[in-house]
Amino acid sequence: MKNIVVRMIGITIIGLSMYVMLPTFAGTWRDDFEDNYTREWKIFNHVRQDEKWWINDGEAVGEIFKPGFMSLWLTGDLKWEHYTVSCRAKLVNDRNEPPTLGLTLHDRGEEDSRYLFFIDYVIDTARIVKATFNDWSTRRFQFVPEEDAWYQLTATVFVDGTLEFRIENLNLERDADPHIFTAIDPEPLKGGQAGIVVADARVRFDDVEITGDNIPNGGPGRRTPQAVSPRAKLAMTWGKLKMK
């Protein structure tokens, strides 16, 4: 009997050791917009007469032309944190105001707390913004965008407070170096939803992918094979950013 017990304990210990040694894989949520399924997306503070989002030809289209305002299309959970969001984006129309497009991470909606990563056609810059109710802290980087180009946008919030924004012009040669911009937040925001953002423009987005240790595998595009890489209210006023 003792031998059986000892054997069972040994097997249990070995099993636990193997479990501990197993690598941890990040989960991935994705949407390639190949259908009209949008129930996992929500416009933050939808102002129907000013902003709209829809699916067209396998791509998401976001539009708002009210001067000084932006529109956010969000998905996910407030518990999501320290993750990466990537997508393709292309400016297709703008009117009176210079346009802006980008991503939002750790977005807590009505709590008015989020990180914003922008291509900004206002003064030809890329921006990383920590936006809270009381303060918008902005880091600007020199970047001259093209209006007729598809861009691969990738934003990451790391555990240590590092914020990284990668921009790749997909119209250029495949081996062209991406632009990489970083900032440090010594007091990181709580986790939150992820999303895509447009201001003063109509923008097309595609192949949204969210990856992180606490991101579930899923999303409307989960059945589409793709390579996975590890690693205010809504009519929110854009005037705050312009003044920073």
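## A buried arginine

The side chains of Arg 30 and Glu 209 are joined by a polar contact of 3.5 Å. Such a contact is a pair of N or O atoms within 3.5 Å; within protein, one must be able to donate a hydrogen and the other to accept it, and residues adjacent in sequence count only if both atoms are side-chain atoms. Arg 30 sits in strand β1 (residues 27-31). Arg 30 is buried, at a relative accessible area of 8%.

This is a predicted model: local features need pLDDT of at least 70, side-chain atom pairs count only at pLDDT 80 or more, and totals for chains, interfaces and linings use all residues. Residues are numbered from 1 along each chain as its sequence is written, and side-chain values use heavy atoms, without hydrogens and water.

## Two histidines with positive phi

His 82 is not a glycine, yet has a positive phi of about 55°. His 82 belongs to the loop between β5 (69-75) and β6 (83-94). Strands are DSSP runs (E, at least two residues), numbered from the N terminus. His 82 is partly exposed, with a relative accessible area of 28%.

His 106 also has a positive phi, near 50°. His 106 lies in strand β7 (residues 100-107) and is buried, at 0% relative accessible area. Buried means under 20%, exposed over 50%, partly exposed in between (1.4 Å probe, protein chains only).

## Nonpolar cores

The largest nonpolar core has 46 residues. Leu 153 is among those with the most contacts inside it. A nonpolar core is a set of buried Ala, Val, Leu, Ile, Met, Phe, Trp, Tyr and Cys residues joined through side-chain atoms within 4.5 Å.

Key:
Helix = DSSP H or I, 4+ residues; strand = E, 2+ residues; numbered from the N terminus.
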